[in-house]
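Walk through this model from its overall fold down to single residues. Keep the sequence and the 3D view side by side.

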Amino acid sequence: GRYFTDLLKSNVADIANIGPRGEAGASTAATFLSKFVADGTPWAHLDIAMTAWKSGRQPQATGRPVPLLIDWIVNA
C-alpha cells in the first residue's frame, strides 16, 4: 500500500531499494519488487532470509527454501 511506498522514497533515486531499518522489511521489499512487475502479472515475494542461513562460528547458506520452491513449481 501507500505506507510501504512512502518508506521507499529517496532524495537521490527514483525509489530506494530498502526501507528504514526495522520498518516492515519484507513488505517494503515486496513493494520495491512490485515496481518492476507488469500490471496483471501474477507474482509473489517470499521473505526467506531468516530460514536460508545457518548462524554460528561458520555461518553458511542452507538452501532450505529451494526444495520447497521447486516442489511447488513442479506440482502447481
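**From fold to residue**

Starting at the N terminus, the elements of the protein follow the order α-α-β-β-α. That makes three helices and two strands. Both kinds of element are DSSP runs, numbered from the N terminus: helices are H or I with at least four residues, strands are E with at least two. The model is predicted, so local features need pLDDT of at least 70, side-chain atom pairs count only at pLDDT 80 or more, and totals for chains, interfaces and linings use all residues. Residues are numbered from 1 along each chain as its sequence is written, and side-chain values use heavy atoms, with hydrogens and water left out.

Take the overall dimensions next. The C-alpha trace spans about 40 × 35 × 20 Å along its principal axes. The radius of gyration of the protein is 15 Å, whereas a compact globule of 76 residues would have one near 11 Å. This radius is taken over C-alpha atoms, and the globule rule is 2.2 Å times the number of residues to the power 0.38.

Burial comes next. Of the 76 residues, 12% count as buried. Buried means under 20% relative accessible area, exposed means over 50%, and partly exposed lies in between (1.4 Å probe, protein chains only). Contacts tell of the chain's reach: residues 24 or more positions apart account for 10% of the contacts with a separation of 6 or more. A contact means heavy atoms within 4.5 Å.

Now turn to helix α2, residues 25–34. Which of its residues are buried? They are T28, T31 and F32. These residues cover an arc of only 100° around the axis, which puts them on the same side of α2. The arc is that of the directions from the helix axis to the C-beta atoms. An α-helix has 3.6 residues a turn, so residues three or four places apart point the same way. Helix α1 (2–7) is among what covers the buried residues of α2.

D14 sits in the loop between α1 and α2. D14 is exposed, at 85% relative accessible area. A52 lies in the loop between α2 and β1 (53–54). A52 counts as buried, at 13% relative accessibility. Beyond its neighbours within four places in sequence, A52 contacts Q60, A61, T62, G63 and P65. From D14 to A52 is 38 residues in sequence and 30 Å in space, C-alpha to C-alpha. A52 and G25 are 27 residues apart in sequence and 16 Å apart in space, C-alpha to C-alpha.
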